[in-house]
Amino acid sequence: MDYFLELFFGGLTRGSIYALIALGYTMVYGIIELINFAHGEIYMIGAFTALIVASALALTGMTGWSLLVLAALVAIVYSAAYGFTMEKVAYKPLRNAPRLSPLISAIGMSIFLQNYVLLAQTSDFLSFPSLIEEFSFMEEVTYMRSTELVIFVTTALATALLTLYIKFTKTGKAMRAVAQDKTMAMLLGINVNRVISVTFIIGSALAAVGGVLISSHIGQINFYIGFIAGIKAFTAAVLGGIGSIPGAVLGGMILGWTESFATGYVSSDYEDVFAFGLLVFILIFRPAGLLGKSTSQKV
Amino acid sequence: MAADTIKLGVAGAHSGDLASYGIPSANAAKLVVDDINAKGGILGKKVEILREDDQCKPEVAANVAAKLVADKANVVVGHICSGATKAALNSYREAKLITLSPSATNVELTKGGDYPNFFRTISPDDAQALLQVDFALNKLKVKRVAVIHDKGDYGKGLAEFAKGFFEQKGIKPVLFEGITPGAVDYSAIVMKIKASKAELVLYGGYHPEAAKIVMGMRNKKMKTLFISDDGVKDETFIKVAGKNAEGVYATGPIDTTKNPRAIAAIEQHRKVFGSDPGAFYLNAYAGTLCLLQAIEKAKSTDYAAVSKALRTNWFETPLGKISFDKNGDAKGIGFAVYQVRNGKYVEVK
């Protein structure tokens, strides 16, 4: 039973990270129908920023939660700035271009950001300090670590806040309006450019949170971590139904659990086979993903 | 004149896209032979080099072998590539011609037992796995092992050799699995290792994944031993894994950079050819020395006498003190086991 719980919580942690990144994919897709392939790089930049800030703050003797929170805050702001700029530079000029153009622009952005970090920082793997402290009440628990608990709680909290934000705030309503019909929203006086910018900022902030948490959990980063995490998160978003916020979280969790249980009970050789096999299987029966709406409804 | 020389065949890729693997060996043979001839040769005869180019192609290598046999070579240094070496060895075996390769690593060339005339001064592909398994069973005395690899050519190859060696000793690994390099985390495989109650993890692959697995195990308060390969014997591994790296074992090449003979041999190359030597230079240098010294010790170029001399004597070479086992693999070269102690890899004696 302990083994099952370990795998369950391991999958939950992994799934939470996928979910945090998938939220950014799904929000951007929901609004401008762009698959932002550079999103994984924002996650990576968040992790790098946190590492730099944490290393600098550690020199001043700061430790514990304040260090984590400060590092994460700077990472969030910095990544959000990247997300904002990225949209302005790479996607806004192509707003009315054929759909393939922003996609290519996104791939270019991804390659650019990877190589930028490679040159500006290092190609080597770097050690990432364990910023999340062990809780004393978790000592008795063998199947879950404190970092895993923090990751899961943060994801749940972020998802809840995001859902409330989109449901009840003015900007949230504007987002939904833009997602439904950009031209109509514009005619009704909604500042579409601002709404899109806010979407990128929120998505990037969530990716940065994911970057800080998972790096602190596994203890190492390099310039390439965003690529694989991005692919997996994208898979999660598609699995759950791209464009749907609860779908992204559900997709992330299902992907995380599938991988964890496939490794635990079958073989890690087939981890990806199971994950992507499941994706194909679900898409056969629900082409729009688990919670996605069929696009034909959009006129 | 011809009857009064000892003929040393030097075969390998001297042209084509793999020439950079063969030319350093030919250079090494030339330098060794020049040295020996300057001192009066061996058994009162000068040594003469017969240099042949096989381009690392098996079909060319077979022709080269036939030519060297026809030219009455006494011993051969070569060939360079495993495939070409195998193609050439049949002719040499029939002609009872001792052949020593500085670079062919294919396991079967020696351990297959088909070529008693074949020797080499490079470790076969399975050398690290053999050393790791030997160390695990005899020094660490473990009974339950998990073999993990990264599904890559290098990592998986090594893991498969290790699994084979464990099974030969009657130990069936409790886990044999590949992981996906670069995955977000490895908690599932770490838990699987924990559940398997393995005492030792043998990992074939590179340091980023090894660091994640080791840190995952230590975070779970697992004391499982960890041994890996020269992909992990890297300073970055220690830097990334930090204090969790302590106690990790890894095999890596024996350090020859401080061997005075190696320093002298490299210096000699710089002086004569005006450049730093390339791949397998020291292996070929050592190999040529061994062959010629063996002829001197055997007091003849007779096949049986020279192969006995190669197997029974220890030779001082740039690779260290070496001899040859019954298969023809060199003893005393190759890999050693290192352990992380106080943030540094230290050789385990």
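The structure is a predicted model, in which local features need pLDDT of at least 70, side-chain atom pairs count only at pLDDT 80 or more, and totals for chains, interfaces and linings use all residues. Residues are numbered from 1 along each chain as its sequence is written, while chains are lettered from A and ligands numbered from 1 in the order in which they are written.

**Domains of chain B**

- Chain B is divided into domain 1 (2–122 + 257–331) and domain 2 (127–247), with bounds that come from an automatic or database domain assignment.
- A distance of 36 Å separates the C-alpha centres of domain 1 of chain B and domain 2 of chain B.

**Strand β8 of chain B**

- Strand β8 (residues 200–204) of chain B is largely enclosed by the rest of the structure, because five of its five residues are buried. A residue is buried if 20 or more other C-beta atoms lie within 10 Å of its own, exposed if 12 or fewer, and partly exposed in between, with C-beta atoms placed from the backbone.
- Helices (H or I, at least four residues) and strands (E, at least two) are DSSP runs, numbered from the N terminus.
- In a regular strand the side chains alternate between the two faces of the sheet.
- Strand β6 (residues 145–149) of chain B runs parallel to β8(B) and is joined to it by five bridges; two strands pair if DSSP finds at least two bridges between them. A146(B) has V201(B) as its bridge partner in β8(B).
- Three bridges join β8(B) to the parallel strand β9 (residues 225–228) of chain B, where L225(B) is the bridge partner of L200(B).
- A right-handed β-α-β unit is formed by β8(B), helix α8 (residues 207–219) of chain B and β9(B). Right-handed means that, with the strands pointing away from the viewer, the path from the first strand over the helix to the second runs clockwise.

**V117 of chain A**

- V117(A) lies in helix α4 (residues 100–120) of chain A and counts as buried because it has 21 C-beta neighbours inside 10 Å.
- Leaving aside neighbours within four places in sequence, V117(A) is in contact (C-beta atoms, placed from the backbone, within 7 Å) with M44(A), I45(A), F48(A) and F223(A).

**Contact between chains A and B**

- The contact takes 29 residues from chain A and 23 residues from chain B.
- On the side of chain B that touches chain A, α7(B) gives the largest share, six residues.

Technical notes:
Two residues are in contact if their C-beta atoms, placed from the backbone, lie within 7 Å.
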